[in-house]
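Have the sequence and the 3D view open as you read.

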Amino acid sequence: MRSIVVGAGIVGSCLAYELARAGERVVLAESGAPGGGASAASYAWINSNNFDDPGYHALRVLGMSAYSGLAGALGTDEWLHATGCVRVAASDADGKELRERVARKRAAGYPAELLSAGQAARAEPALARMPREPSAIASFPAEGYIDTTTLIGCLLAEFRARGGVVTRARVTGLRGGGTGVRTTEGDLAADRVIVCTGADTGLLRGAGFDLAARGPAGATVITAPVPVRMRGLVHFPGVTVRPDGGGRLLLHAVDVDGRLGPQDTELDSGAVAELTGRARTWLGLAAGDLEIAETRVSVRPHPPDGFPVVGPVPGVSGAYVVCTHSGVTLAAVLARLVASEIRSGEADPLLEAYRPGRFTG
């Protein structure tokens, strides 16, 4: 069988690799740089920290563990950073919420523990110079982050080695009956088309299914090399920070994302200064110790109800869609489940709650 996967972000690249690994003939269509969209601008945190829906939590936990299996299959884990995550609460209210979160996660079997300031500083050296005593600190040791660009490079190398083809032609539409795609360089025929284009759901809309998964823009800021020891992800009040290789740090803040409009492509200098100021304060750095090398802004996929959209496209035979906000956490497990479902023709019960048909009623 021949498949066309449209979109070479983290989700599309994982899926194309899994299909090729299973013996499918696969074309991966991406008009831009593979991984150059939302995947490149992601904080790339693998976790189920903020989610309590039992089914979705279970899927995310599977997504976290699936990366170990993917590393074994690829023969390298250079892109996987299983560092754990630390959350710091400053106010009494935030401290109460964090302690409740730890209790809730532990009850669900998710690794979580409260730490003293001394324990936290030993576990994460970057916490040794905090300006004041937090109201609570918690560790989530099963979490980590992905170097998405490196992983996509590893996936595509193996994909090509297994006979997969990457085309840089821009896909302009689906052929009738899901029998392939139309591109700027002519039609490509296939037995099925799998749309993994994230927030850009124009192909589906053109086929009569309006997913409306364009979420708000998100931004990350990458520093120049910084003189601070940081092991893993730290969620300080107002800013999340993690290493980004070569002594660089990657910064993100939810409230800064909230100021971006859907068409914004840059983060203004005031927001950058505010974000870096927060990081500098919590890391105990002087003004000259934290310089900015790059900012990244992208539009992230966000299905209308916040949950993944996975399955056959209603009314379009041969077309399948995989769209999810938490692409980094879920890419490896969704790729494995979807590839198995497509190959076997049998619906996977783990995906039943996330079918696109729920938006057609």
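How many aromatic pairs does the count come to? The answer is six, where rings of Phe, Tyr and Trp (its six-membered ring) pair if their centres lie within 6.5 Å, with planes under 30 degrees apart called stacked, over 60 edge-to-face and the rest tilted. This is a predicted model, in which local features need pLDDT of at least 70, side-chain atom pairs count only at pLDDT 80 or more, and totals for chains, interfaces and linings use all residues. Residues are numbered from 1 along each chain as its sequence is written, and side-chain values use heavy atoms, leaving out hydrogens and water.

Two of the pairs share Phe307:

| Pair | Centre to centre | Angle between planes | Type |
|---|---|---|---|
| Tyr56 and Phe307 | 5.2 Å | 85° | edge-to-face |
| Phe307 and Tyr354 | 6.4 Å | 40° | tilted |

Tyr56 sits in helix α3 (residues 54–74) and Phe307 in the loop between β18 (292–301) and β19 (309–312), so their pair ties together parts 251 residues apart in sequence. Helices (H or I, at least four residues) and strands (E, at least two) are DSSP runs, numbered from the N terminus. Tyr354, in the segment after α10 (327–344), is 47 residues from Phe307. Ring pairs link Phe51, Tyr56, Phe307 and Tyr354 into a cluster.
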